[in-house]
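I opened a new notebook for this structure. I wanted a few places I could look up and write down in plain words.

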Amino acid sequence: MALSDPSGGRSGLALNTATLGHNLDGYGAGWPPERIIDACAERGLAGIVFWRREIGARAYEIGERVRAAGMQVAGLCRTPFITGQEAGTDGEIKASVEMAAALGTQVLTVVTGGTEPGTKGVIESQRILADRVGRIADYASGLGVSLALEPLNPMFGGNRTVLMSVNDALRVCDWIDAPNVGIAVDVYHVWWDTGLDDACAAAKGRVLGYHICDWLENTADMLLDRGMMGDGVADLKAIRHAVEKADFRGMCEVEVFSARDWWRREPEEVLDTMIERFETVC
Ligand code: ZN
C-alpha cells in the first residue's frame, strides 16, 4: 500500500466515483460510499466527488465520514439537466443544491442538458440556460454552493449540452454574472481545442473544477470509453498548466467513464493506477 505524500503529488488528487462506474446503474463493483472513503483515505487522496445517485438521504453523514477520514468532498455530480427535453424542475434542481450543501462541498457540477424544444442552434438555448441558472445561483449562494458549468465535447450537443467549449461556458457565465457561477474544465471535452490556452486565460478566477482522464485515439463509445491518463492523446500537462494559469487551485478530479475496461477491473487496481498516472503523466 502506498503511503500519503503530504508534500505534493496525490495531495492534489480527488477520485470522481464515476471512475469506479458509480455514475450509472449496473456498472462497477458497487462499493458503498464508506468503502470508497476508506480506500481513498488509505491511499492518501485529498478528496472525493460523488454522484447524486450514491448519496440518497445520507448527504450529511457521508460528508462527515469523508472529513473524518482526513479528506474533503471535492464536488457533487451533478444538477438535473437545466435545458432540453429532459430538463428537471426548479424543485429538483434546488434539491441537488441542497444535497451539495449537506455534503459540505462547495462545487456542484452542471451538465446543462440539450437544446430547448422548439429552438434551433444553441444561442437561444444558452440564453434560456442563463436565465434558469441565474435563478438558482442566489439560492445556491445562500447555501455556500458554487455552480460549475461544464462544457462538453461538441458531439454531445443536441441532447446533453448546449455548451461545447470553454468560451461557450464563459459567455453564459457573463450573462449570469453571479460570483458563485463558474466553469469546469474536463480533459475529455476540451482536449481538441487549440484555442484552450486563450479561453482559460479569459476564465481566470472562474475555473471551479478540473476533470482528468484521456482521449483514446480510437474511441469506441463516445460516452463510456474514456481513457485512463496516459493511455490516450490528450496533452494533460499542457491543459493542467492552462487551468492553473487561470488560478484554479482545487483538486484534479479523475473522471474515467470506462464500461469496456476500467469498470471491469477491481477498484483497488483502478485507484492504484490512477494515482500512479497522476504522479507521472499529469
Ligand atoms: Zn467532467
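**Entry 1: before reading**

I noted that the model is predicted. I kept that in mind for every value below.

**Entry 2**

I began with how packed helices are described. Two packed helices are characterised by the angle between their axes and by the distance between those axes.

I looked up helix 5, residues 123-142, and helix 6, residues 166-176. They pack at an angle of about 50°, and their axes are 9 Å apart. Angles under 35 degrees count as roughly parallel, and 65 to 115 as roughly perpendicular. Helix 5 and helix 6 are therefore oblique to each other. The crossing of helix 5 past helix 6 is right-handed.

Next I listed who makes the contact. From helix 5 I wrote down Ile-123, Gln-126, Arg-127, Leu-129, Ala-130, Val-133 and Gly-134. From helix 6 I wrote down Asp-168, Arg-171, Val-172, Trp-175 and Ile-176. By class, the contact of helix 5 with helix 6 holds seven nonpolar, two polar and three charged residues.

I recalled a rule about spacing. An α-helix has 3.6 residues a turn, so residues three or four places apart point the same way.

**Entry 2: helix 4 and helix 5**

Helix 4 spans residues 90-103 and packs with helix 5 at an angle of about 30°. The axes of helix 4 and helix 5 lie 10 Å apart. That makes helix 4 roughly parallel to helix 5. Helix 4 also passes helix 5 in a right-handed crossing.

On helix 4, the contact residues are Asp-90, Ile-93, Lys-94, Val-97 and Glu-98. On helix 5, they are Arg-135, Ile-136, Tyr-139 and Ala-140. I sorted the contact of helix 4 with helix 5 into five nonpolar, no polar and four charged residues.

**Entry 3: the buried residues of helix 6**

Which residues of helix 6 are buried? I found Val-166, Asp-168, Ala-169, Leu-170, Val-172, Cys-173 and Ile-176. I then asked what the buried residues of helix 6 pack against. The answer is helix 5, strand 5 (146-149), strand 6 (181-186), helix 7 (187-190) and helix 8 (196-202).

Ser-165 sits in the loop between strand 5 and helix 6. Is Ser-165 buried or exposed? Its relative accessibility is 16%, so Ser-165 counts as buried. The Ser-165 side chain reaches the backbone nitrogen of Asp-168 at 3.0 Å. Setting aside neighbours within four places in sequence, I saw Ser-165 in contact with Pro-151 and Asp-193.

**Entry 4: His-22**

I found His-22 in the loop between strand 1 (13-16) and helix 1 (33-42). His-22 is buried, at a relative accessible area of 5%. Its side chain and that of Glu-54 are joined by a polar contact of 2.8 Å. Not counting residues up to four places away in sequence, His-22 touches Thr-17, Gly-30, Trp-31, Ile-36, Trp-51, Arg-53 and Glu-54.

**Entry 5: backbone exceptions**

Most residues other than glycine have a negative phi, and most peptide bonds are trans.

Where is a cis peptide bond? One joins Cys-77 and Arg-78, with omega at about -10°. Arg-78 lies in the loop between strand 3 (72-77) and helix 4.

Asp-177 has a positive phi of about 55°, although it is not a glycine. Asp-177 is exposed, with a relative accessible area of 65%.

Asp-247 is not a glycine either, and its phi is positive, near 70°. I placed Asp-247 in the loop between helix 9 (236-245) and strand 8 (252-254). Asp-247 is partly exposed, with a relative accessible area of 36%.

**Entry 6: Lys-204 and Asp-247**

I followed Asp-247 to Lys-204. Lys-204 is in the loop between helix 8 and strand 7 (207-212). Lys-204 and Asp-247 are 43 residues apart along the chain, and their C-alpha atoms are separated by 6.0 Å. Leaving out residues up to four places away in sequence, Lys-204 touches Lys-245, Ala-246 and Asp-247.

Conventions:
Residues are numbered from 1 along each chain as its sequence is written. This is a predicted model: local features need pLDDT of at least 70, side-chain atom pairs count only at pLDDT 80 or more; totals for chains, interfaces and linings use all residues. Side-chain values use heavy atoms; hydrogens and water are left out. Axes are lines fitted to C-alpha atoms, for helices over the stretch in contact, and angles run from 0 to 180 degrees between N-to-C directions. Helices (H or I, at least four residues) and strands (E, at least two) are DSSP runs, numbered from the N terminus. Angles under 35 degrees count as roughly parallel, over 145 as roughly antiparallel, 65 to 115 as roughly perpendicular and the rest as oblique. A crossing is left-handed if the near helix is turned anticlockwise from the far one by less than a right angle, and right-handed if clockwise. Contact means heavy atoms within 4.5 Å. Ala, Val, Leu, Ile, Met, Phe, Trp, Tyr, Cys and Pro count as nonpolar, Asp, Glu, Lys and Arg as charged, and the others, Gly among them, as polar. Buried means under 20% relative accessible area, exposed over 50%, partly exposed in between (1.4 Å probe, protein chains only). A polar contact is a pair of N or O atoms within 3.5 Å; within protein, one must be able to donate a hydrogen and the other to accept it, and residues adjacent in sequence count only if both atoms are side-chain atoms.
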